[in-house]
Structure formats: structure tokens, C-alpha cells
Amino acid sequence: MKKNSLILINCIAIAALTACNLNKEVITVDSADHVLTTTVVQPTQTPPTLVGQWSVIKVDTEDVTATDDEYPTVTFDNNGAAAGTVNMYANDGCNYINGTFTVKENQLIKSGEFTKTMRLCPDAKYEMQITAALNNASAYSIELRNNEYYLLLKDEAGTTLMTLCKPNLAFFDGAWRVTSMEGAEIKTGHAPEIVIDLANGKIHGNAGCNVVNGTIVQNLDREGGIGFSNLFTTMMACPYLDTERAFLVALEQVESCIPGENNNTVQLKDASGKTIITLERINLTQE
């Protein structure tokens, strides 16, 4: 993953996102209306749907590698589509493929011929396989493995033609305060505070003294893969610059993130899997 740092002057606007969970209490009674058991059931995760953008990580039996941090993608969209159908938009690494599928349970029925652009690209090594997989797909399944969603497109015999991934990083959206770096506690008074905007691929906030902005890059080569690039800050001189510099260096080393025990803590890890930054959720609108 390419990472660059620039020092520029910029400004920010910060918004906070919050999340919550509800529990459901299930009570079992006998015929005499005596309570036998009371069980608190955690809500189940919303079932994933076909709709959305998926990154291609395997076609046939070949692993797909990213080019400039970008993977070929397939997007299924039901906006403006007839009932029971989805529009399909794919980028095979060179050309764009458009078409429509009728969806019946987990079955995919191709509706007419696909249209495709005719660009010639010297490095479109997956183009033919992706085109063939989409043309032959007749069923799909979606799996949740650890914290990632996987879409398997299959042929009539049930053979997987293509595997796609959709990172499940919604827990990382929102506003955060750094609580520790490299295992050392950071005091609240000068702790860096950041906002993660996954929809726009942006990070912005205060590095402890200066304003920081940058780009978020999702990396499908590892679970929870994420990184920060094009980081730039203002250039004010103030106390705690050592903490700020350490934070910026640590951000450039981040390769993945995992949620803590709930949606209010996150661990950022380096390439070796070592936790280098811990975060806690905050609500900047109340600060």
C-alpha cells in the first residue's frame, strides 16, 4: 500500500456519528402463568444483501491482486430497477460491464445481453475471467467470515466462479479520541481526536495541536484492512508536538482495525498485527 505525507494548511468541519444496540427480553412461562426462565437475547446482525459494491478477490481459482490499491468491482443496484431485479455494474480492471439480473431467492437469471466498453488495456489480466464469470453466474451466496462479508457467484452446478468481498467496517465510522499509542496512555487534555468518514474515504481531526486531514484506503489483502495516506497538517507550534508527531507516524503504519468489546473502542494495528493505537468513541457535538 502506497503512503505519502504532505504538510499543507487546511481546515476542517467535524460531525459525529453514534450507534446503539437494543436487547430483547424473552420470557418463558408455564400453563399456570409462572415464569420459568428469562433470557436476554442480543439482536441478530442485519442479514447482508446482494445490493452494494463488492470487490473481486478471486476469479476461478486465481487470487486477484490490487492495482494501485484498487480491485475490480461488481455493484448490484436496485434503484430504478424493476421489481425482483437488480442492475449490475462491473469494472473488470479495464472495461465496464452493465446488465440486469432477475433475483429469485438465491438464484440469478440473466436478463438479456450485457453491454461492455471496448477499451484496450495492457494490464487487464482478469478481464476475460470476470466477463465469463458474470455471464455464467446463475446463483449466489453471502457469508460472514470474522468481520468481512463474502459474495460467492456460482454456476448451475454450484461451482464458485468468483469470490467478492465487502468490508464490514461500519463500526469505525464516527468520532474518536486516542487513548494510547504503543501501549502508553495518552492524557485526554492533549489527545488527538479524529473523525472517520468511510463513505467519502476521509480522515480529519486534530492531531493534538494541528489540524490533520487525509485519505482512508481499504485493503482487502487482510481482515479489517485499512490504511491512511496523503496525510497533511497545519503548521502551528504548540506544546505536545512530540505526541502529535508520534501519532502521525503511527497512522502511516496502520494496516488494519478491529472493534473492541463494543462499538465504542477500536484497535489500530500495524502489518505485524501489533496494536499501535487505541481509540474510544466520542461525541464532539457535546464537547
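Predicted model: local features only at pLDDT ≥ 70, side-chain atom pairs only at ≥ 80, totals over all residues.

Student: How many disulfides does a search of the whole structure find?
Tutor: A disulfide is counted where two cysteine sulfur atoms lie within 2.5 Å. Cys94 and Cys121 are joined, with an S to S distance of 2.0 Å, and Cys209 and Cys238 are joined at 1.4 Å. The search of the whole structure therefore gives a total of two disulfides.

Student: What is the handedness of the disulfide of Cys94 and Cys121?
Tutor: The sulfur atoms of Cys94 and Cys121 are 2.0 Å apart. The torsion about their S-S bond is about 75°, so the disulfide is right-handed.

Student: How many residues apart in sequence are the parts that Cys94 and Cys121 tie together?
Tutor: Cys94 belongs to the loop between strand 6 (85-91) and strand 7 (96-104). Cys121 belongs to the loop between strand 9 (115-116) and helix 1 (127-136). The pair therefore ties together parts whose separation in sequence is 27 residues.

Student: Is Cys121 buried or partly exposed?
Tutor: Buried means under 20% relative accessible area, and exposed means over 50%. Cys121 has a relative accessibility of 22%, so its class is partly exposed.

Student: Where in the chain does Cys238 lie?
Tutor: Cys238 is joined to Cys209 by a disulfide. Cys209 is in the loop between strand 16 (202-206) and strand 17, 29 residues apart from Cys238. Cys238 lies in the loop between strand 18 (226-233) and helix 2 (241-253).

Student: Is Cys209 buried or partly exposed?
Tutor: The limit for a buried residue is under 20% relative accessible area. Cys238, at 27%, counts as partly exposed. Cys209 has a relative accessible area of 8%, so it is buried.

Student: What is the pairing of the bonded cysteines when they are numbered in sequence order?
Tutor: The joined pairs are Cys94 with Cys121 and Cys209 with Cys238. With the bonded cysteines numbered in sequence order, the pairing is 1-2, 3-4.

Student: Which elements give two or more residues to the lining of the second largest pocket?
Tutor: This pocket has a volume of about 340 Å³. Its lining has 13 residues, and Gln53, Ser55, Glu70, Thr73 and Gln218 lie nearest the centre. The elements that give two or more residues to the lining are strand 3 (52-59), strand 12 (160-167) and strand 17 (211-218).

Student: How many residues of the lining of the second largest pocket are nonpolar?
Tutor: The lining comprises 13 residues. Four of them are polar and three are charged, and the number of nonpolar residues is six.

Student: How many residues of strand 13 are buried?
Tutor: Strand 13 covers residues 174-181 and has eight residues. The strand is largely enclosed by the rest of the structure, because the number of buried residues is seven.

Student: In strand 21, which residue is the bridge partner of Arg177?
Tutor: Strand 13 runs antiparallel to strand 21 (residues 275-281), and five bridges join them. Strand 13 also pairs in the antiparallel sense with strand 15 (residues 193-197) over four bridges, where Gly174 has Ile196 as its partner. In strand 21, the bridge partner of Arg177 is Glu280.

Student: Which residue in the turn between strand 13 and strand 14 has a positive phi?
Tutor: Strand 13 and strand 14 (residues 184-185) are antiparallel and share two bridges, with Met181 opposite Ala184. They form a hairpin with two residues between them. The turn residue with a positive phi, about 50°, is Glu182.

Definitions and conventions: Residues numbered from 1 in each chain as written. Heavy atoms only, no water. 1 Å grid on protein atoms, 1.4 Å probe; cavity = no way out; pocket = protein on both sides within 12 Å on 5 of 7 lines; lining within 4 Å. Points joined across faces, edges and corners; volume = space filled by probe spheres on them. Nonpolar A, V, L, I, M, F, W, Y, C, P; charged D, E, K, R; others polar. Buried < 20%, exposed > 50% of the residue type's maximum accessible area, 1.4 Å probe, protein only. Pairing = 2+ DSSP bridges.
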